[in-house]
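Please read the briefing below next to the sequence and the 3D view. The points are grouped by topic.

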Amino acid sequence: LSKKVQAIYLWWHKPVIDQELLQSLPNLKVIANSGVGMDHLDLKLVASFGVKVANAPRAVSSSTADAGMALLLASARRLVEVHHIAISSSMDYCEADILGVKVSGATLGIIGMGRIGYKIALRAKAFEMKILYHNRTRRKAQEEQAVGATYCEKIDSLLQQADFVMVVVSLTPQTCNLIGKRELELMKPTATLINISRGAVVDQEALVMALQTGVIGAAAMDVTYPEPLPRDHLLLKLKNVIITPHLGIKTDKATYMITEEAVENILAALNGLPMPSEVLPS
């Protein structure tokens, strides 16, 4: 059937797109990805075969923003810890030991103010948070005003001020280990790092050390590297860490919308029309 295949719909990075597969599909015209992140694709290699690529930013942004805020709130109020206390046989605890961090009025620093980052800002505004953001390009003045966000040209300024730092960037050679030892040491000792981008954006070994030594207060992550982590990894043993298994887009409606967006892009490509969510090699 190789000569009949004109489109591939990638679900959770499968099938693997490599040179062997591309060579075996001479009439392939388009690859539609079920999500935003494209770090699993060699876009230049795909383009060299004359194949177009699309992702699904519209479908996933709201669900991923919800997941980011859920992690922020769960970490701030120590929900995983107190859940275990609430269901324990003894219910023996001291209230002073389970004090959380107030979210309303706290400062949220968003690193990456794209579609998802902006939706996080909208949600944070409803929690009366002060919002800082760092991005490659500054948002329009009216967009900043709509969410009450302040632009930080330098990431250092954001890290030094924020009570919560939310990382929402794509994984590229430039963003790999974007948050390392130096950046963690710039953060407040009470601050929380939330990562909903890709695991490799944060230096995990530096993060473990920072959490163990009180350089920062806590971390909440929907992504790690690898996924899942080895069962003996130190991040799995720390009480001031919440980890979820890359569930950002995993809602019933988002899954349906992702497929709709992929089909829309595929049909456009096959009919010679502009694709709504085409991704070009950089």
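Strand 9 (residues 218–221) and strand 10 run parallel and are joined by 3 bridges. Helices (H or I, at least four residues) and strands (E, at least two) are DSSP runs, numbered from the N terminus. This is a predicted model: local features need pLDDT of at least 70, side-chain atom pairs count only at pLDDT 80 or more, and totals for chains, interfaces and linings use all residues. Residues are numbered from 1 along each chain as its sequence is written, and side-chain values use heavy atoms, with hydrogens and water left out.

**The sheet**

- Met 221 has Ile 243 in strand 10 as its bridge partner.
- An open sheet is formed by 7 strands in the order 6-5-4-7-8-9-10, with parallel pairing; two strands pair if DSSP finds at least two bridges between them.
- Strand 6 and strand 10 (241–243) are the edge strands, and each pairs on one side only.
- On average, neighbouring strands of this sheet are turned by 15 degrees against each other, direction ignored.
- Helix 9 (residues 204–213) lies across strand 8 (192–195), strand 9 and strand 10, and runs at about 140 degrees to strand 9.
- Axes are lines fitted to C-alpha atoms, for helices over the stretch in contact (heavy atoms within 4.5 Å); angles run from 0 to 180 degrees between N-to-C directions.

**The annotated domain**

- UniProt lists residues 5–279 as "domain: D-isomer specific 2-hydroxyacid dehydrogenase catalytic", in an unreviewed entry; UniProt positions are given in the numbering used here, feature names are shortened, and annotations may be inferred rather than shown by experiment.
- Over residues 5–279, the chain is 37% helix and 14% strand, and the end C-alpha atoms are 21 Å apart.

**Aromatic pairs**

- There are 2 aromatic pairs in the structure; rings of Phe, Tyr and Trp (its six-membered ring) pair if their centres lie within 6.5 Å, and planes under 30 degrees apart count as stacked, over 60 as edge-to-face and the rest as tilted.
- Tyr 9 and Trp 11 form an edge-to-face pair, at 6.1 Å centre to centre and with 65 degrees between the planes.
- Tyr 9 is partly exposed at 29% relative accessibility, and Trp 11 is partly exposed at 39%; buried means under 20% relative accessible area, exposed over 50%, partly exposed in between (1.4 Å probe, protein chains only).
- The ring centres of Tyr 133 and Tyr 151 are 5.2 Å apart and their planes are at 50 degrees, so this pair is tilted.
- This pair links distant parts of the chain, with Tyr 133 in strand 5 (residues 130–134) and Tyr 151 in strand 6 (residues 149–151), 18 residues apart.
- Tyr 133 counts as buried, at 0% relative accessibility.

**Backbone points in loops**

- Most residues other than glycine have a negative phi, and most peptide bonds are trans.
- The peptide bond from Lys 14 to Pro 15 is cis, with omega near 0 degrees; Pro 15 lies in the loop between strand 1 (7–10) and helix 1 (19–24).
- Tyr 225 and Pro 226 are joined by a cis peptide bond with omega about -5 degrees, and Pro 226 is in the loop between strand 9 and strand 10.
- Met 91 is not a glycine but has a positive phi of about 50 degrees; Met 91 is in the loop between helix 4 (79–87) and strand 4 (107–111).
- Asn 177, also not a glycine, has a positive phi of about 55 degrees and is found in the loop between strand 7 (164–167) and helix 8 (181–186).
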